[in-house]
Amino acid sequence: MKHTRLVLIAVLTMMFSWSVRADEGMWLPSLISQRIADMQEKGFKLEAEDIYSINQASLKDAVVLFGRGCTGELISPEGLLLTNHHCGYAQIQKHSSVEHDYLKDGFWAMNRSEELPNPGLSVSFLERMEDVTDKVLEGYEPGMTEDQRVWIVRENSNALISEATKEGKGLRATVEALYYGNQYFLFVYRQYEDVRLVGAPPSSIGKFGGDTDNWMWPRHTGDFSMFRIYADKDNNPAPYSKDNVPYKPKKYFHISTGGVREGDFTFIYGFPGRTQEYVHSEAVRYIEETGDPQKIHLRTLRLNIMNKYQAESQKVRIQYSSKNANVANAWKKWQGEVKGIRKMNTVRNKQDFESAFKRWASGGEFDGVVEKIEDIYKRLEPYSYAVDYLNETVTATELPKFATEIAGCYMIGLDNLVGFDQEKAAGLIDAFYKDYHLPIDKEVFIAMMNEYEKNMPEDFKPQYYKDKYAEFGSIEAWAEHIYSNSIFTDEQKVRELDAEDMQIVLGDPATEFLSAFGLWYSTEILPVTRKLNQELQLAYRDYMRGQMVYCRTQRIPKDFYPDANLTLRVAYGHVKGYSPADGTYYLPSSTITGIMEKDNPEVFDYNIPQRLRDIYAEKDYGRWTDENGNIPVCFIATNHTTGGNSGSPVINADGNLIGVNFDRVWEGTMSDIVFDPDICRNISLDIRYVLFIIDKVADADHLLEEMTLVD
């Protein structure tokens, strides 16, 4: 094992030293010294220690994991935090009502007392990261089974986490596998739970263009929201309290008002979620031919239903705004992903690479690994299809999901009921009924389950499903039974539930529906997929190491960076336009002129605030204009990003904040699987537009006074 570890380190070191390709890659901050020469050659003016340090304040200390899947950055010494509007959307929506529609009108706290708490929202700072491969694999010997290895990894990881989190308040830690388990890193975070909403523009700015413009360029979306982190009097994490005070960061970003130009160096610091750069061609083929197309179709049906009802009612529009956005985001991304995979001939190129690899590996350590992976995928594919369909149909229904959550509030011991968590149930009830519209859910149920009946192979339909379909004769009749007889359609009755009503809850048709599918999944599907995925993980561990050795020995120029896994990464590139089609070239920046060209009071997503129209008419822009006297809005660059990078700070060569990352161009969404430097672009909000909105639209100058602005 130690020999394998040394081989991996040697291979990675050689890769970093001779295989340098522009702009692709998501690099570990603690190892950024291996990239700093390339960064500096491309224009970066700081040192590796400025990016990541455990001995002094560095840029990492101004970056947070926001919630469960976004990034945010500190922009003042008073804990002021900037992220995307869509990252803060759920919090803005929760505070909104017909009387106080912060989605429509925006929200700005004019003093600290007006800042709104958000129970359940947290932010996490990375304290340190450490290569713990040897410690995680201590006790493992070649010849042990994969189950034994998994147990050793889990036990050693838990011990490392326990030790790391003893060091202070608010600490949490994870051990993450990189390169399919060839390397392990410990990540130690400090988590703050008192995070308050400070400001958000109206959705007609923060979500300008809606789903039509999502993933597209040129973009004119003011995708930002602002929060503040609070701590106890000693600057430590603490639950929400009126006695808490604004957090004093170790580091916060200074903000550049100098703007960006094509060719400028750009650097993104954030928490990218998931990429699959090194997968076998069979995995990509399934995504291209089956997985994405099926999910796109199912989500199209759901979106059509939601859109219909939202157009009829302001209340429903508010209730389903966040849900709609969540469904639509991946729906549109998958469309661009499929197009990009096909355009780049990704499957064929991977097959060619695999064929050459097999010839090279014949008779050696990695002989047969490619064939093994291909065989596993063939056995796994019908189960992957079943799981995809289960997630997009059965679990897309709201009432059954809520019913099982309430059922989970009953605490059952070995012999009988122990109790009922009334407080937990009350929170679930408040959240569910505030944003629930039964006609949407019932129609979604009918549409999704009809697709399930039509497209799911008989061998993958649970017996429960077959019996119910036979009993009612149609999905429509079954839906009528559930939605007419479930107690969960009556909010008042649900609020009156107590410990004595467990059998009513467990026997409810909505509870029964999802529970039966869950039991089928856990007994019939999960054991098989778990076993196959374990085989796959083992094969990929060898294949990953084999790819590195192959490319090194054959001198194939290929950078090997670890796939994204929602841990802090560095990506760098430069501002650059692109050509999506013959005869077309997109400039790398957009301005307020484009907003006015799209402005349409008849279309909700393009109906900007009258205040913005008045400012444009008067050209009352203040100090935030570009060299042409216009207001910049967004820009694109060549940084390698993915989900989780939403809200990431975009930094210039001097380390100052120039933008907030929020999207990728539609043609380049295949970058989670294959990166095309000619097409793949990240989309960022120009920081000058943020400052302009705060100053001229929100009249929230007190926030600007907190910031450090530099030319």
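Author: A disulfide is a pair of cysteine sulfur atoms within 2.5 Å. In general terms, it is a covalent bond between the sulfur atoms of two cysteines. The model shown here is predicted. A search of the whole structure turns up one disulfide. Its partners are Cys 70 and Cys 87, with sulfur atoms 2.2 Å apart, so the pair meets the cut-off of 2.5 Å. The link of Cys 70 and Cys 87 is left-handed, with -80° about the S-S bond. It joins distant parts of the chain, as the two cysteines are 17 residues apart. Cys 70 belongs to strand β2 (residues 70-74), whereas Cys 87 sits in the loop between β3 (80-83) and α4 (89-94). Cys 70 and Cys 87 are both buried.

Cys 551, by contrast, is in no disulfide. The nearest cysteine sulfur to that of Cys 551 belongs to Cys 680 and is 19 Å away. Cys 551 is buried, with a relative accessible area of 0%. What about Cys 680? The closest cysteine sulfur to that of Cys 680 is in Cys 634, and because the distance is 19 Å, it is too far for a bond. Cys 680 is buried too, at a relative accessible area of 3%.

Burial can also be followed along a helix. Helix α14 (residues 398-407) is mostly covered, with seven of its 10 residues buried. The buried ones are Glu 398, Leu 399, Pro 400, Phe 402, Ala 403, Ile 406 and Ala 407. As background, an α-helix has 3.6 residues a turn, so residues three or four places apart point the same way.

Helix α17 (residues 463-472) and helix α21 (residues 509-553) have their axes 9 Å apart, at an angle of about 140°. On the α17 side, Tyr 464, Tyr 465 and Lys 468 take part in the contact, and they meet Glu 512, Phe 513, Ala 516 and Phe 517 of α21. The residues of this contact divide into five nonpolar, two charged and no polar.

The backbone remains. Most residues other than glycine have a negative phi, and most peptide bonds are trans. The peptide bond from Trp 217 to Pro 218 is cis, with omega near 5°. Pro 218 lies in the loop between α9 (210-213) and β10 (225-231).

Tyr 180 is not a glycine, yet has a positive phi of about 60°. Its place is in the loop between β7 (171-178) and β8 (183-192). At 18% relative accessibility, Tyr 180 counts as buried, because buried means under 20%.

Asn 345, likewise not a glycine, has a positive phi of about 50°. It is found in the loop between α11 (314-343) and α12 (346-361). Asn 345 counts as partly exposed, with 47% relative accessibility.

Conventions. Residues are numbered from 1 along each chain as its sequence is written. This is a predicted model: local features need pLDDT of at least 70, side-chain atom pairs count only at pLDDT 80 or more; totals for chains, interfaces and linings use all residues. Side-chain values use heavy atoms; hydrogens and water are left out. Helices (H or I, at least four residues) and strands (E, at least two) are DSSP runs, numbered from the N terminus. Buried means under 20% relative accessible area, exposed over 50%, partly exposed in between (1.4 Å probe, protein chains only). Axes are lines fitted to C-alpha atoms, for helices over the stretch in contact, and angles run from 0 to 180 degrees between N-to-C directions. Contact means heavy atoms within 4.5 Å. Ala, Val, Leu, Ile, Met, Phe, Trp, Tyr, Cys and Pro count as nonpolar, Asp, Glu, Lys and Arg as charged, and the others, Gly among them, as polar.
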